[in-house]
Amino acid sequence: MTREELILPENLVSSRPALMNEAPMHYCPGCSHGMVHKIIAEVIEEMQLEERTIGVCPVGCAVFAYRYLDIDWQEAAHGRAPAVATALKRLWSDRLVFTYQGDGDLACIGTCETIHALNRGEKITIIFINNAIYGMTGGQMAPTTLVGMKTATCPYGRDVELHGYPLNITDLAVNLEGTAFVSRQSVHTVAAARKAKRAIRQAFENSMNGIGSNLVEIVSTCSSGWKTDPAKANEWMEENMFKHYKLGDLKTV
C-alpha cells in the first residue's frame, strides 16, 4: 500500500482532534492523561461547544492542560478547582464548565471543595484522574493509594493502622443528593476508552442541560510513580485497581 493510500479518509483509524494543539506533551510515556485529553477534545467538538467551554486546571500533572486543548482555561489554586468552576458556571450559565483533577488535588487538598460542589448540585462536570499516587511531586502516597501499595512515603506498603483506608470519593459522590451522573471508567483499551467517552459526553450534556453535578472518574496508570513500564502498569491496574475501584456508571438520573 502506498503512502497516499494510507492517508485516504477511508483508511484513517485515528487522528488528532482539531481542538488539540500541536504541542509536545510533558506527560510520561504510557500516561493516561493524553488519551483523556483526546477524548475531551473529541466530545467538545462533537457537541460544537468549542467557543463555549471553560476548563479549570489543577495543581498536579495536568497543570499545563491549557497548552494542549484550544479552549478557554482558568488555573485554580491547589484543590480549589470545583470552587472556581462553581463561580464560572454561575456567572456564565450557558457555558460548559469542567474541572480536570488528579487524586491528590481532588481527593486530598480539595476534598471539601469537591464534596460540597457536588452536594450543591452545581451544574459542572468534574473529571477525576485516579492513579492512586502523587505523580508530579515524586510518587508519594495519595488518599487513593491501595492498601499494601508501596509509594515513596509508604515504602513498605500502605498500612491501615498507620495510614487509614483508601478514600473512595466517587462512591461517596453517589450518595450526595446534588449529583446527577457519577461514573468510573478507564482508557487502557479501545473498548474502555469508548465507554469513557460516552460517560464524559453524558456528563457534559447534563451540565449544559442544568441537570445536577456530574463526576467522571478515570482509573489511570502512573508508570513513573509505580516504577514500571506502561504495559506492566496496565496489567497491574487491571489486577489491583479495578478490584477496589470498580468500573461502570454508578449513578444516573
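This is a predicted model: local features need pLDDT of at least 70, side-chain atom pairs count only at pLDDT 80 or more; totals for chains, interfaces and linings use all residues.
Let's start at E42, which sits in helix α2, the stretch covering residues 33-46. Is E42 buried or exposed? With a relative accessibility of 18%, E42 counts as buried, because the cut-off for buried is under 20%.

What does E42 touch beyond its neighbours within four places in sequence? The contacts of E42 there are with P17 and K197.

Now step back to the whole protein. Its secondary structure comes to ten helices and seven strands. The C-alpha atoms fill a box of roughly 60 × 50 × 30 Å along the principal axes. How does the radius of gyration fit with a compact globule? For 253 residues such a globule would have a value near 18 Å, and the protein has 18 Å, so the two agree. Of contacts between residues at least 6 apart in sequence, 67% join residues at least 24 apart.

Turning to burial and surface, 49% of the 253 residues are buried. The protein exposes about 12,000 Å², and carbon and sulfur atoms supply 53% of that area. As for charge, there are 24 positive and 28 negative charges, and their mean positions lie 3 Å apart.

Next, visit the loop between β4 (125-130) and α6 (160-163), where you will find Y156. Y156 has 80% relative accessibility and therefore counts as exposed. Its C-alpha atom is separated by 39 Å from that of W73, a residue 83 places away along the chain. A132 also has its place in the loop between β4 and α6, but A132 is buried, with a relative accessible area of 0%.

Most residues other than glycine have a negative phi. Phi of A132, however, is near 65 degrees, a positive value. Where else can you see a positive phi in a residue that is not a glycine? K227 has one, at about 60 degrees. K227 lies in the loop between α9 (223-226) and α10 (230-244). While A132 is buried, K227 is exposed, with a relative accessible area of 69%.

How values were computed: Residues are numbered from 1 along each chain as its sequence is written. Side-chain values use heavy atoms; hydrogens and water are left out. Helices (H or I, at least four residues) and strands (E, at least two) are DSSP runs, numbered from the N terminus. The radius of gyration is taken over C-alpha atoms; the globule rule is 2.2 Å times the number of residues to the power 0.38. Buried means under 20% relative accessible area, exposed over 50%, partly exposed in between (1.4 Å probe, protein chains only). Contact means heavy atoms within 4.5 Å. Accessible areas come from the Shrake-Rupley method with a 1.4 Å probe; for residues, only the protein chains shown count as cover. Lys and Arg count as positive and Asp and Glu as negative; His and the chain ends are not counted. The place of a charge is taken as NZ of Lys, CZ of Arg, CG of Asp or CD of Glu.
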